[in-house]
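Student: Could we go through this model together? I would like to know what stands behind each label we put on it.

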Amino acid sequence: MHHRTVEDLMTHGVVRVRRDTLFKDIVRTLADHDVTAVPVVDDLGRPVGVVSEADLLRAVAGRSDPAGLLPQLHPEGLEEVSDGATAEELMTAPPVCARPGWSVVEAARTMDAHKVKRLPVVDETGVLTGIVSRGDLLRIFLRRDEAIREEIAADVLVRTLGLSPADLSVTVRDGRVALKGTVEARSLVPVIERLCRGVDGVVSVSADITGPAGDPSGPSGHR
């Protein structure tokens, strides 16, 4: 079984800015490349932060209202930022980074834990090699149902578990896997379900699997 990694899903040609890139140049970079955030890198190409549209808007919100209709911010509120502000002043730091070999699950859990929408991807020396977004991770769920079915039938059931194709039928619809058939031991059912859930693109697994006659564990009702 081959699971796609962050390296398989990430954007390799990463748009980036330097610490001294100015506010307007950051805005222009985002617009020119149709992205919502960029890593900020040092002279060695290592990410030191990420500057996003949210960071830039936060800076804009800290300015005085030119129409004079809004109250001045409390002295402890947002600081007013000039067009001369640099990426280093505006960025969110330190960046939360991923490694190319990470699984989709590892990257997704990291994004969720840190409440970020994207992760710069760095190599073993800390140099930026890519960037992976939430949308990139969700691409695995665009796999064709037939491709998922073939992987489960051939790789999981036959090659990994040594089952006969006649033992279990596999149907997949919109990423939902349904298994039906008989196995020699009911203890295999949780293993089958776990391995099927690990296949890229699987949304859910239901199993209608029975054991041999006399198996004390009875029929399966796992979902």
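Predicted model: local features only at pLDDT ≥ 70, side-chain atom pairs only at ≥ 80, totals over all residues.

Student: What makes β4 and β5 a strand pair?

Tutor: Two strands pair if at least two bridges are found between them. β4 and β5 (residues 128-133) have five bridges in the antiparallel sense, so they count as paired under that cut-off of at least two. The two strands form a hairpin with five residues between them. In the turn, Gly126 has a positive phi of about 85 degrees.

Student: How do the lining residues divide into nonpolar, polar and charged?

Tutor: Seven are nonpolar, four polar and five charged. Lys and Arg count as charged, and Val as nonpolar.

Student: Why is Leu179 called buried?

Tutor: Buried means under 20% relative accessible area. Leu179 has 2% relative accessibility, so it counts as buried. Leu179 sits in strand β7 (residues 176-182). Across the protein, buried residues make up 38% of the 223 residues.

Student: Which residues does Leu179 touch, leaving aside its neighbours within four places in sequence?

Tutor: Contact means heavy atoms within 4.5 Å. On that basis Leu179 is in contact with Ile152, Ser169, Val170, Ile192, Cys196, Val205, Ser206, Ala207, Asp208 and Ile209. Take Ala207: Leu179 and Ala207 are 28 residues apart in sequence, and their C-alpha atoms are 4.7 Å apart in space.

Student: What does Thr5 touch, beyond residues up to four places away in sequence?

Tutor: Thr5 touches Pro100, Gly101 and Trp102. Thr5 itself is found in the segment before α1 (6-9). Thr5 and Val105 are 100 residues apart in sequence, with 9.3 Å from C-alpha to C-alpha.

Student: How many of the contacts in the protein join residues at least 24 apart?

Tutor: The share is 60%, among contacts between residues at least 6 apart in sequence.

Student: And what does the whole protein come to in secondary structure?

Tutor: Eight helices and eight strands. The protein exposes about 12,900 Å², and carbon and sulfur atoms supply 53% of that area.

Technical notes
Residues numbered from 1 in each chain as written. Heavy atoms only, no water. Helix = DSSP H or I, 4+ residues; strand = E, 2+ residues; numbered from the N terminus. Buried < 20%, exposed > 50% of the residue type's maximum accessible area, 1.4 Å probe, protein only. Areas by Shrake-Rupley, 256 points an atom, 1.4 Å probe, with all protein chains shown as cover.
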